[in-house]
Amino acid sequence: SIDVLIIGSKYKLSAVQTQFETWGSHVSIRHFVVSTEEDDDNPSCLNMTWLNVKSHLKTCQTAKRYWHRVMKSPNGLTEKFASMYASEAWVGRKASPVG
């Protein structure tokens, strides 16, 4: 069985619906879970300025041990992703870096 977590937007639910209707409804999918801005601790993240984004990225970069400190769960994969993707250069290349 496969559990799927879709990170989507409440403004683009048609994309999530398409995913569910195609590969997401395969017999091997056990759970198909959708998360949107409403599940974020900051539901207004779409309204963030580039300065807000840069500040958030700095937090991600300097707090790589978050999973160790707060969650008491070492997670090397999360730390690797924070190193690779939580960078100003990587996010800046996105079509909608704040959303």
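The paragraphs below lead through this predicted model, from its overall layout to a few groups of residues.

Residues are numbered from 1 along each chain as its sequence is written. Because the model is predicted, local features need a pLDDT of at least 70 and side-chain atom pairs count only at pLDDT 80 or more, whereas totals for chains, interfaces and linings use all residues, and side-chain values rest on heavy atoms, with hydrogens and water left out.

The predictor's confidence in each residue is given as pLDDT, on a scale from 0 to 100. The protein averages a pLDDT of 77, and 71% of the residues score at least 70. Among its elements, helix α1 (residues 13-21) has the highest mean pLDDT, 90, while helix α3 (residues 66-69) has the lowest, 60. Where pLDDT is low, the predicted coordinates should not be read in detail.

Helices (H or I, at least four residues) and strands (E, at least two) are taken as DSSP runs and numbered from the N terminus. On this basis the protein has 5 helices and 2 strands, and along the sequence these follow the pattern β-α-β-α-α-α-α. The protein exposes about 7,400 Å², of which carbon and sulfur atoms supply 57%; such areas come from the Shrake-Rupley method with a 1.4 Å probe, and for residues only the protein chains shown count as cover. A residue is called buried under 20% relative accessible area, exposed over 50%, and partly exposed in between (1.4 Å probe, protein chains only). Of the 99 residues of the protein, 17% count as buried. With contact meaning heavy atoms within 4.5 Å, residues 24 or more positions apart account for 60% of the contacts in the protein with a separation of 6 or more.

Which residues make up the largest nonpolar core? A nonpolar core is a set of buried Ala, Val, Leu, Ile, Met, Phe, Trp, Tyr and Cys residues joined through side-chain atoms within 4.5 Å, and the largest one here consists of 5 residues, namely V4, I6, V16, I29 and F32. Strands β1 (2-7) and β2 each supply at least two residues of this core. Leaving aside neighbours within four places in sequence, V16 is in contact with I6, F32 and V34.

The structure holds 2 aromatic pairs. In one of them, the rings of F20 and F32 have their centres 5.1 Å apart and their planes at 65°, so this pair is edge-to-face. F20 lies in helix α1 and F32 in strand β2 (residues 29-35), so the pair ties together parts that are 12 residues apart in sequence. F20 counts as partly exposed, at 37% relative accessibility, and together with W23 and F32 it forms one aromatic cluster.

D3 counts as partly exposed, at 44% relative accessibility.

G8 counts as partly exposed at 23% relative accessibility, whereas T36 is buried, with a relative accessible area of 14%. Not counting residues up to four places away in sequence, G8 touches S35, T36 and E37, while T36 touches G8, S9, K10 and L13. S35, in strand β2, is buried with a relative accessible area of 18%, and beyond its neighbours within four places in sequence S35 is in contact with L5, I6, I7 and G8.

Definitions and conventions. Phe/Tyr/Trp six-rings, centres within 6.5 Å; stacked < 30°, edge-to-face > 60°.
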